[in-house]
Amino acid sequence: MTYTIANAEQELQAKREMLNLRWYPRYHLAARAGWVNDPNGLIWFDGWYHAFYQHHPYSPQWGAMHWGHARSKDLLHWEHLPVALAPEGPEDKDGCFSGSAVVDGDTLALIYTGHKFHGDAGNDENLYQVQCLATSRDGIHFKREGIIIDTPPDLHHFRDPKVWREGDSWYMVVGARVGDTGQIRLYRSADLRQWQDEGILDEAQAGMGFMWECPDFFTLNGKRVLMFSPQGIAAQGFENRNLFQSGYLVGDWQPGEPFVRAGEFAEMDHGHDFYAPQSFLTPDGRRIVIGWLNMWESPMPEQQDGWSGMLSLPRELSLTEDNRLQMRPAKEVEALRQAWFPWPVSTLKNQQTLMADKGEAMEVVLHWDCANSDAEQYGLSLGQGLRVYVDTQMQRLVLERRYPQYGLCGTRSVPLVPGVPLVLRMFIDSSSVEVFVNDGEACLSSRIYPDADRRELSLFAWHGTATLSDAGAWQLE
Ligand code: FRU
């Protein structure tokens, strides 16, 4: 197979007609057809937000990575653009892996990983990952400029460059694996083409992972946040339950100085499906993050429909005084709101009450008065497959999904503070739910696969009473 942008476009046009759209997102970004993983190159350029993403146009499975491309004025309504990068060169013949974008004068520059095997692709010893550059004036057509950083000696896994400007220099962080230790490497450049090795920015101690993917490094609230996606952290109790994590370390850093951590690694989303997040700045200075709403090796039932993978809602990041990263839906999301359906504010007692026939493109808002609720379990259900509820005995907010027919059953949860009011904003799309807890305190994102005729939303309270102080749902556009 010869991979070119023209071939990819032809394939996508043909495949698009054949999709089953039952689970296709109504207000999230997914590909026209085929496979999506990480968001890449998120940037504001020339009056548009651009989102690129890891993309396999030829099937809904992961394969030779291309960069898909879409642009938007508001981070919600996306216009698909031609595939931006296909693995056409010797430097990226086995895939254009994840990376980032920067604006350099009037040029949009993509910095990505060329993925290639020299010999048998089954053997990591033959793997070479190099950092590459592609540039564009119109933000649509890209000129491939080849390798800008070759694989360092003895490294094989060396990928996902994130570039930013600081002072008079460009900086780049790259994820790496040395033996069984995940690392972040740092580079510096004056022109995006010649890069100096600035050494190891940070690396895993025992138990912190064998590979750190998709690093990102930015300032929030006077601190430095190192966000990345480690592979190989073992699950412990309620933490790190997914195959791979995404999370952050907070610390201090200045150009030329070491990164000094001020705390432990923490996950940023406690749902089943959030990985490889990347951040970018809006023109008005907000730091927004978007992640991949799937998890490696998890069943993806939409593959039978001809597509797979979607990106999360845009979320604004902030850092608390005690160094916790918070995520709230970006304010743009409010523009999706259409009619508001107030739900009767009431006390539920040992009952389940139908609130809406079809939860599909909706934002549900629930204010639970936990101090006046003693039910053992109370919350919201969607069809028979999803429940988001307070477990009073455990004092946790639980997201439970139950789709045994697709091999997807299980819970994720976050702790609650007893008696404190609980405010939830829940964004439901055709096959996803994103739960924002207490204005940024926690977030749980998971994929869901309801049958088309089983999307009813109900409130319930079992073994006791539960009191709502405010509730309702926005129909989203
Ligand atoms: C993360 C990742 C990246 C890599 C890309 C390949 O999900 O494994 O490290 O660049 O996906 O598609």
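**View 1. Four strands form an open, antiparallel sheet in the order E18-E19-E21-E22.** Strands here are DSSP runs of E with at least two residues, helices are runs of H or I with at least four residues, and both are numbered from the N terminus. Two strands pair if DSSP finds at least two bridges between them. Which strands stand at the edges? They are E18 (275-281) and E22 (325-329), and because each has a single partner strand, one side of each is left without a neighbour in the sheet. From one strand to the next, the twist averages 35°. E18 and E19 (residues 287-292) run antiparallel and are joined by five bridges. To find this pairing by eye, look for Leu281, which stands opposite Arg287 in E19.

**A note before the next views.** This is a predicted model, in which local features need pLDDT of at least 70 and side-chain atom pairs count only at pLDDT 80 or more, while totals for chains, interfaces and linings use all residues. Residues are numbered from 1 along each chain as its sequence is written, and side-chain values use heavy atoms, leaving out hydrogens and water. The pLDDT is the predictor's confidence in each residue, from 0 to 100. The protein averages 97 on that scale, and 100% of the residues score at least 70. For the complex, the predictor gives an ipTM of 0.99 and a pTM of 0.98.

**View 2. Five strands make an open sheet with mixed pairing, in the order E4-E3-E2-E1-E20.** Strands E4 (78-85) and E20 (307-308) stand at the edges; each has a single partner strand, so one side of each is left without a neighbour in the sheet. E1 (residues 34-45) and E20 run parallel, and two bridges join them. Here Gly34 stands opposite Trp307 in E20.

**View 3. Helix H1 (residues 5-16) lies across strands E2 (48-56), E3 (66-72) and E4.** The helix runs at about 140° to E4, with axes taken as lines fitted to C-alpha atoms (for helices, over the stretch in contact) and angles running from 0 to 180 degrees between N-to-C directions. Tyr3 sits in the segment before H1. What does Tyr3 touch, leaving aside its neighbours within four places in sequence? Tyr3 is in contact (heavy atoms within 4.5 Å) with Tyr58, Ala64, His66, Ala86, Pro87 and Glu88.

**View 4. Several residues surround the ligand, including Trp62, Met65, Phe97, Arg159 and Asp160.** An N or O atom in the side chain of Glu213 is 2.7 Å from a ligand oxygen. For the side chain of Asn37, the corresponding distance from an N or O atom to a ligand oxygen is 3.0 Å. Ser98 takes part through its backbone, with a polar atom 3.1 Å from an oxygen of the ligand.

Methods
A residue is near a molecule or strand if one of its heavy atoms lies within 4 Å of it. A polar contact is a pair of N or O atoms within 3.5 Å; within protein, one must be able to donate a hydrogen and the other to accept it, and residues adjacent in sequence count only if both atoms are side-chain atoms.
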